[in-house]
Amino acid sequence: MQRVFIASGISEARLVQQMLETAGVSVRLLNAHAAGGLGELPATETWPEVWVEREHQWAHACSLIRDYEYASDQTVDCRGCTESNPVTFEICWNCRESLPVVS
Ligand SMILES: [Zn+2]
């Protein structure tokens, strides 16, 4: 496995996981349950990490994440649960409702 992304929180980690899996990339979330139990550890050690399971998919995952970071300041609100999603998403990361197309 190869790490492709360090998220600032579990919801961002889930966003990235969803995006990559939608694109056919097999990923694992590490430290997914660490948030909220920071204790004495430096915060960076408990940030959720997204790892690509198959190394040949790593470059693809990286380019998807570059697109995600580029678009991450543009969001669209889900009609189902009102969570905001990156405009590049076709379905809501939270409830899997289809998202409105933003042009
Ligand atoms: Zn939703």
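In this predicted model, the four donor atoms around the zinc ion subtend angles of 103 to 115 degrees, and the arrangement is therefore tetrahedral. For four tetrahedral donors the ideal angle at a metal is 109.5 degrees. The protein donors are the SG atoms of Cys-78, Cys-81, Cys-92 and Cys-95, lying 2.3 Å from the zinc ion. Along the chain, these donors follow the spacing C-x2-C-x10-C-x2-C. Cys-78 is located in the loop between β4 (75-77) and β5 (84-86), whereas Cys-92 belongs to the segment after β5, so this pair ties together parts that are 14 residues apart in sequence.

The helix pair formed by α1 and α2 was examined next. Helix α1 spans residues 10-22 and helix α2 residues 58-71. Their axes come within 10 Å and cross at roughly 125 degrees, and the two helices are therefore oblique to each other. The crossing of α1 past α2 is right-handed. On the α1 side, the contact is made by Glu-12, Leu-15, Val-16, Met-19 and Leu-20; α2 contributes Ala-61, Leu-64, Ile-65 and Tyr-68. Of the residues in this contact, eight are nonpolar, one is charged and none is polar.

Definitions and conventions:
Residues are numbered from 1 along each chain as its sequence is written. This is a predicted model: local features need pLDDT of at least 70, side-chain atom pairs count only at pLDDT 80 or more; totals for chains, interfaces and linings use all residues. Side-chain values use heavy atoms; hydrogens and water are left out. Axes are lines fitted to C-alpha atoms, for helices over the stretch in contact, and angles run from 0 to 180 degrees between N-to-C directions. Helices (H or I, at least four residues) and strands (E, at least two) are DSSP runs, numbered from the N terminus. Angles under 35 degrees count as roughly parallel, over 145 as roughly antiparallel, 65 to 115 as roughly perpendicular and the rest as oblique. A crossing is left-handed if the near helix is turned anticlockwise from the far one by less than a right angle, and right-handed if clockwise. Contact means heavy atoms within 4.5 Å. Ala, Val, Leu, Ile, Met, Phe, Trp, Tyr, Cys and Pro count as nonpolar, Asp, Glu, Lys and Arg as charged, and the others, Gly among them, as polar. Donors are N, O and S atoms within 2.8 Å of the metal (3.2 Å for Na, K and Ca); water is not among the atoms, so sites may look incomplete. Four donors count as tetrahedral if all angles lie between 85 and 135 degrees; four count as square planar and six as octahedral if opposite donors are over 155 degrees apart and all others between 65 and 115; anything else is irregular.
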